[in-house]
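I am opening these notes to record what I looked up in the model, entry by entry, with the cut-offs written beside the terms.

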Amino acid sequence: MIFAILGPTASGKSDLAENIAKHFNAEVINFDAYQVYIEMNKGTAKPTKEFLSEHPNYHLYDFRHVDDPYNIMLYQKDGRELLKKYAGKHIVLVGGTGLYLKALLFDFKFLEEEKMPEDYLSNLTNEELYEELLKIDEADAKIIGPHNRKRLIRALYIYKIHNKSKTELNENGKSNLLYDDVVFIGLNPDRNLLYERINKRVEIMFEDGLVDEVNELKEKFPKVNQALQAIGYKEFFNGLDLESTKELIKKNTRNYAKRQMTFFKHQFEDVNWFENIDEAYEYATTRYR
RNA sequence: GGAGGGGUAGCGAAGAGGCUAAACGCGGUAGACUGUAAAUCUAUUCCUUAGGGUUCGACAGUUCGAAUCUGUCCCCCUCCA
């Protein structure tokens, strides 16, 4: 069985995964875009290094340096290799990056490509980018909208290097589930409760030394920017005092949790939703063996 | 006690007779999503059975018409005593 555990941040996914993995003696594979980085610990709520070293069945955590950015294609490749390797065993997938999970389990195809230059099309205005994409791929342009600069540029870059529009390219990789033994288990705690837990968690991150970790990161990797877009890190660059920074992190995390729910609710079918981890655990362990 | 300034939607804040259910920001809610995804972007936010109904500290006025003008009252802030 492949148990895919999804839900917003601070919903209890990690605990649930740990319990289910223990019960089934399963391999655990992460699908969280930021827990892959070695230098990011406190702010990502990653399992501790001690825990990971004692649990060799945990995969795709803490293995990548922040100056060597990871991406969805690499994730898909690494993840699928692991799924193949442990095909005979129970597997637990946990994480918060819905798109990574989709790319792993569904029929998404990624072509080899050069990294997009940082300043690609930076001379064009949003309107010009939008007009350009409308000509090439009207459907995608309409989905992206005229203000979503980052994704407009990406769509145009795809066309430039692959000579096909995003819509054309995605045709061969529709939303077909590639594995037939996947059980989706979703955690959806009461919103107020979730927000309380998020607030509390951020407090604990600060107590645990998040500030030191961020300072160290800034010092060691002054040029890294991808990793520092993460919530719990980017807020330290706003020139705010510590208390305001903390409140901003709480707010951004709450907003993020909401976005995660939207993605999981709408991008995955056949999810068994639970309000708390006990019900979810009960479901997983009594229904499957 | 004296002199000023102010009370506007969940919060901050514009508006100084009709174009105002009230700009804008924040927060909230809903949504989009195929290579930066903890990213990026969109919609909505007084109530509503969608026809309307109640709003700008309270009450009473002026006016065809008031958040905007007048009076009284209640709060808040600053300065002088």
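Which are the buried residues of helix α10 (residues 210-220)? I find Leu-210, Val-214 and Leu-217 buried there, where buried stands for 20 or more other C-beta atoms within 10 Å of a residue's own, exposed for 12 or fewer and partly exposed for anything in between, with C-beta atoms placed from the backbone. Seen down the axis of α10, these residues fall within an arc of 60 degrees, so they line one face of the helix; I take the arc over the directions from the helix axis to the C-beta atoms.

Before going further I note that this is a predicted model, in which local features need pLDDT of at least 70 and side-chain atom pairs count only at pLDDT 80 or more, while totals for chains, interfaces and linings use all residues. Residues are numbered from 1 along each chain as its sequence is written, and chains are lettered from A and ligands numbered from 1 in the order in which they are written.

**Rest of α10.** On the other side of α10 I listed Asp-212, Asn-215, Glu-216, Glu-219 and Lys-220 as exposed. The buried residues of α10 pack against α9 (191-207), contact being C-beta atoms, placed from the backbone, within 7 Å. Helices here are DSSP runs of H or I with at least four residues, numbered from the N terminus.

**Helix α7.** I next checked α7 (149-162), in which Leu-152, Ala-155, Leu-156 and Ile-158 are buried. Seen down the axis of α7, its buried residues fall within an arc of 150 degrees, so they too line one face of the helix. They pack against α5 (126-136), α6 (138-144) and α8, whereas the face turned away from the buried side carries the exposed residues Lys-150, Lys-160 and Ile-161. Just after α7, Asn-163 takes a positive phi of about 60 degrees.

**Domains.** Chain A is divided into domain 1 (2-109 + 175-287) and domain 2 (126-171), with bounds from an automatic or database domain assignment. I noted that their C-alpha centres lie 29 Å apart.

Methods
Helix = DSSP H or I, 4+ residues; strand = E, 2+ residues; numbered from the N terminus. Contact = placed C-beta atoms within 7 Å.
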